Every structure is written in C-alpha cells, then in structure tokens.
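Reader: I would like to learn how to read side-chain pairing, surface patches and helix packing in a model. Could you take me through them one at a time?
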Amino acid sequence: MTRSSRTAAGLAVVAMLCVQLGLAVSVGLIDRLGTEGTAWLRLTWAGLLLLVVVRPPLRDLTRRGLVTCVLLGVVTAGVTFLFMAAIARIPLGTASALEFLGPLGVAVVRGRGRARLWALVAGAGVLLLTKPWHADVDTVGVAFALAAAACWAGYILLTQRVGDEVDGLRGLAVSMPVAGVAATVVVLFSDAHVVFGALDLHLLLIGFGLAVLLPVVPFSLELIALRKLTTAAFGTLMALEPAIALLVGLVALHQVPDGSAVAGIALVVAAGIGAERSGARPTVDLEPEPSLR
C-alpha cells in the first residue's frame, strides 16, 4: 500500500459521496424539468463553470489529447442521460446493479491475478445489495442501463487517458463543455419546450449549485484519482457506491438494511480495501506529441 494509492482511494470515496448527495438533490429538479432537463442543466452549468474557471488553452493540447477530451465529453453525456432514462423505467437498485457491469468489466478485463478476484467479490456484493432479481423486468429500461454501463466503462478508460495527457483540470474543462453541448442537442430534439418553458431564475441557481456538487467536484476528484490508481482498482472501488447509498439511507432516512444488504456491504468494503492495497499505478512517461499550434 502506498500513500498515493491511499490518497487516490480517499478521493474516489469522496467523489462517490458527492454523487449520492447530488442525486438526492436532483429529485426536486426532476419533478420540474424531467430527467433529461435535469441532466442537461447539470452538464451545461458544469461545462460553463469549468470553461470560465480553468480557461483551457486549446492550442497547447495535442491532437490526441483533444480527441480524447471530446470523446470523454460525449461519453459523459451518454452515461448521464442513459442512466436517467433507465431509472425512469426500472428500480434504482436494479439500474445501479446493471450499470456497475461497466466498471466491473473494466476491472476484470484490465486486472490481473488478485485484481480480478476483488472485482468478482465486488460484483457479488453489489448483487446482494441491489437484488435485481426481485424486480419486474422492463427490457427497454434494462437496455438503457446496459448502455449506461458501457458508457461508464468508457468514461473510466478515457478519464485516465485524459489525466495522463493533459495537465491539471484542463482536460475536464474541455470535456465538460462538450458534454454540455451534447446534452443541449438531446434536449433540443426531445423535450425542449417543456424544459425551457419551466426554467426560471430559482431553478437556474439550484442547477448551478447542483452542477458543483455533481458533476464538477466528483469528476475532478475521479480524474485525480485515476492518475494514481489502475483502471482495474478504480472500477472495483466503484462498488462502494451502492454501499454508500445504503448507509446514507440508514443515517438520513432510517432505512434499515436486511441481512443480504449487510453481507453485500461487507463484500464491497473488503473488495475496496483489496483494490486500494494493490491498485497503485506505476509511473509511465508518455511519448510527447506535437501540439495543435
């Protein structure tokens, strides 16, 4: 275990806490703007905020770095909209279990030896936590959740690549505006009259605060964490998110977990500890590439 891997794992956990709080705050906005409108408001504010604060110098990016940032932005919009569409049709627990197949797949494919074992332990824990077999199956909702899982896998791989190729938060300051543009296109061709008709100053201010909580803070922390952790370890750590959600429900909403949920928490926590212990990345010097100047 290294200090850098401990720090990175801590950042990943804080990011997951922000995500859960952001989802909780989003509930009120969904009632007013719908799932697509809420996703659009979050992504658009996040893109504008990072663009203004970071002001990324595009001319300093390599061609490969710019393309990677653009792809990350599209994937970010994809996972946001697809997961929203999934939870509109199937229970949140079922959607979360199916979406976790994305980072679990990354952990299994990119991991070796014990890394793959921890990924499988995490997967078993998530199944015990969410118990998707108890829900009625909506094939369209399942398809949305599986598509979100694929986007999440791409998000993990692309975020690490962006973190390696672009200094600081400049890569995120390029990818998030791209996600905002992609989200705007989706809304324009779906529920534009509903979303824009419901907007007022109060909702805009709420959306701004929500964008800071989700996705600006957690995505920034994940970018930093993936500079220090392997994608396999990070994908396994993501199993902690359903456990965090369950614990938040216990403390804030007095929702007492059953025996299988407690067993699931034990498994994902054990997998998270194992991933953190074996997940430090070796230092890799990437070959420089000509800039866009």
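Reader: To begin with the charged side chains, how many salt bridges does the structure hold?

Author: Side chains of opposite charge can pair when their charged atoms come close. This is a predicted model, and the structure holds five salt bridges. One of them is formed by Arg64 with Glu165, whose closest N and O atoms are 3.1 Å apart. That pair links distant parts of the chain, since Arg64 belongs to helix H2 (residues 63–87) and Glu165 to helix H6 (residues 139–165), 101 residues apart.

Reader: With which other residue does Glu165 form a salt bridge?

Author: Glu165 also forms a salt bridge with Arg161, and here the closest N and O atoms are 2.7 Å apart. Both Glu165 and Arg161 lie in helix H6, four residues apart, which is about one turn of the helix. Through shared partners, the salt bridges join Arg64, Arg161 and Glu165 into one network.

Reader: Is Glu165 buried or exposed, and how does Arg64 count?

Author: Buried means under 20% relative accessible area, and because Glu165 has a value of 19%, Glu165 is buried. Arg64, at 34% relative accessibility, counts as partly exposed, and Arg161 is likewise partly exposed, with a relative accessible area of 30%.

Reader: Which residue meets Asp138 in a salt bridge, and what does the pair tie together?

Author: The side chain of Asp138 meets that of Arg89 in a salt bridge, at 3.8 Å from N to O. Asp138 lies in the loop between helix H5 (114–130) and H6, while Arg89 lies in the loop between H2 and helix H3 (92–99), so the pair ties together parts that are 49 residues apart in sequence. Asp138 counts as partly exposed at 23% relative accessibility, and Arg89 counts as partly exposed at 45%.

Reader: Finally, at what angle do helix H1 and helix H9 pack, and is their crossing left-handed or right-handed?

Author: Helix H1 (residues 3–54) and helix H9 (residues 201–225) pack at an angle of about 145°, with their axes 6 Å apart, and the crossing of H1 and H9 is left-handed. The residues of this contact divide into 34 nonpolar, three polar and three charged.

Notes: Residues are numbered from 1 along each chain as its sequence is written. This is a predicted model: local features need pLDDT of at least 70, side-chain atom pairs count only at pLDDT 80 or more; totals for chains, interfaces and linings use all residues. Side-chain values use heavy atoms; hydrogens and water are left out. Axes are lines fitted to C-alpha atoms, for helices over the stretch in contact, and angles run from 0 to 180 degrees between N-to-C directions. Helices (H or I, at least four residues) and strands (E, at least two) are DSSP runs, numbered from the N terminus. A crossing is left-handed if the near helix is turned anticlockwise from the far one by less than a right angle, and right-handed if clockwise. Ala, Val, Leu, Ile, Met, Phe, Trp, Tyr, Cys and Pro count as nonpolar, Asp, Glu, Lys and Arg as charged, and the others, Gly among them, as polar. A salt bridge is a side-chain nitrogen of Lys or Arg within 4 Å of a carboxyl oxygen of Asp or Glu. Buried means under 20% relative accessible area, exposed over 50%, partly exposed in between (1.4 Å probe, protein chains only).
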